Amino acid sequence: MIPALDQADHSHDLTQPEPTWHESLAAAIRDPQVLLQRLGLPLTLLPQTTRAAKQFSVMVPESYLQRMQPGDLNDPLLRQVLPLGDELLDVPGFIADAVDDQSARIAPGLLKKYAGRALMIVTGACAIHCRYCFRRHYPYNEEPRRLEDWQPALDALAADESIHEVLLSGGDPLIVPDRRLSDLIRSLEQIPHLQRLRIHSRLPIVLPNRVGPDLISLLTESRLTPIMVVHANHPHEIQRDCADALRTLVRSGVTTLNQSVLLRGVNDSVDLLQELSERLINLGVIPYYLHQLDRVQGAAHFEVDEAFGLSLIKQLRKRLPAYAVPRYVREEAGQPHKSPLE
Ligand SMILES: *Cc1c(COP(=O)(O)O)cnc(C)c1O
Ligand code: SF4
């Protein structure tokens, strides 16, 4: 049973002040044992979970945990965040830099693969650790942190008049406090040929209280046209505080798109993909991409066969308006755009 979309979250104690997003982030679950205990799952899993978490640690915000079904090891949200022994298997073809980010790096923290747009790795940090993440092995320590460290990237953007859109990515760029984000956006606004600012973030989904008045002002008061690309994979993610955050973005006039990754045991079903698209479009969020999994080391058990993925999209097309069907794509190193699979 999928909880109703508009169901408000009254589960918290109304006498307590709402936590700030910084507090929610600080309170995220980082201990595998706590994650298992909170969901009433068997502690016999702990040895493999702990071993897998040594390669890529556990991180689950409370709001996200609240959307899981306690006691269900196959919960589709839990599957995205619970480390399993499968991650330690070495599978041929699954490598550390699956999308060849390193050869697209035109300045520290700046990747340019496609015409007209460049991507800034604003931070390596995230509010959640997705086990299938394609940048789980990215060498974030080598990227800029302070504003002055960004100067070479800003200079590279200023020097290339063909770039009209800057993508803030990571990691998760919205994990950066508004003050720092604002400084970065101000610097970008001074580059005359930039027209659009696109933010790729999972925070509106996993830490919805990040979408507050300050962030909205930052986005809507900029000279640059704001575009938000969020990342939800399953309809159960789009409920309660997350639905509120998406509605806020859309009603503020921020073009909001969603990208998903096709994940075995999470969303590899036409019914689920349909439900996900419907929940998104009901809130005014447009399904943008459905990504074929990048073949990153440790994520092989999430891979869905491409022919099956294609059959899902074909069925989806029969059920939904065209704008609600995401483009099924794969990222191929060296290609001038994401490669359509249909
Ligand atoms: C995926 C990606 C983009 C965005 O591609 P769109 O098709 O515009 O969404 C831009 N730059 C890099 C380096 C990317 O990996
Ligand atoms: S939020 Fe995005 S970058 Fe961060 S772990 Fe998840 S998929 Fe990776």
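Guide: What follows sets values from this model against the definitions of the terms.

Guide: This is a predicted model, where local features need pLDDT of at least 70, side-chain atom pairs count only at pLDDT 80 or more, and totals for chains, interfaces and linings use all residues. Residues are numbered from 1 along each chain as its sequence is written, chains are lettered from A and ligands numbered from 1 in the order in which they are written, and side-chain values use heavy atoms, with hydrogens and water left out.

Visitor: Why is the pair of Tyr132 and Phe302 called edge-to-face?

Guide: Rings of Phe, Tyr and Trp (its six-membered ring) pair if their centres lie within 6.5 Å; planes under 30 degrees apart count as stacked, over 60 as edge-to-face and the rest as tilted. Here the centres are 5.8 Å apart and the planes stand at 80°, so the pair of Tyr132 and Phe302 is edge-to-face. The structure holds 2 aromatic pairs.

Visitor: What makes this a link between distant parts of the chain?

Guide: Tyr132 and Phe302 are 170 residues apart. Tyr132 is in the loop between β3 and α6, and Phe302 in the loop between β8 and α12. Helices (H or I, at least four residues) and strands (E, at least two) are DSSP runs, numbered from the N terminus.

Visitor: Why is Arg240 called buried?

Guide: Buried means under 20% relative accessible area, exposed over 50%, and partly exposed in between (1.4 Å probe, protein chains only). Arg240 has 15%, so the word is buried. Arg240 belongs to helix α10, residues 240-251, and its phi is near 50°, a positive value in a residue other than glycine.

Visitor: And what makes Gly284 partly exposed?

Guide: The relative accessibility of Gly284 is 34%, so Gly284 counts as partly exposed. Gly284 is in the loop between α11 and β8.

Visitor: How do you know which space is a cavity and which is a pocket?

Guide: On a 1 Å grid over the protein atoms alone, a cavity is a set of points where a 1.4 Å probe fits but cannot get out; a pocket is an open set with protein on both sides within 12 Å along at least five of seven lines. Lining residues have an atom within 4 Å of a point. Grid points are joined across faces, edges and corners, and a volume is the space filled by probe spheres set on the points. The largest pocket has about 980 Å³ of space, and the largest cavity has about 70 Å³.

Visitor: What lines the largest cavity?

Guide: Among the lining residues are Asn258, Leu273, Tyr289 and Pro326. Helix α11 gives the most, with 4 residues. By class, 9 are nonpolar, 3 polar and none charged. Ala, Val, Leu, Ile, Met, Phe, Trp, Tyr, Cys and Pro count as nonpolar, Asp, Glu, Lys and Arg as charged, and the others, Gly among them, as polar.

Visitor: Where is ligand 2?

Guide: Ligand 2 takes the space of the largest pocket. A molecule sits in a pocket if more than half of its atoms lie within 2 Å of the pocket's grid points. The largest pocket is lined by 48 residues, divided into 24 nonpolar, 12 polar and 12 charged.

Visitor: Which residues are around ligand 2?

Guide: A residue is near a molecule if one of its heavy atoms lies within 4 Å of it. Around ligand 2 are Cys126, Ile128, Cys130, Cys133, Gly171, Arg202 and His231. The peptide bond from Gly170 to Gly171 is cis, with omega near 15°.
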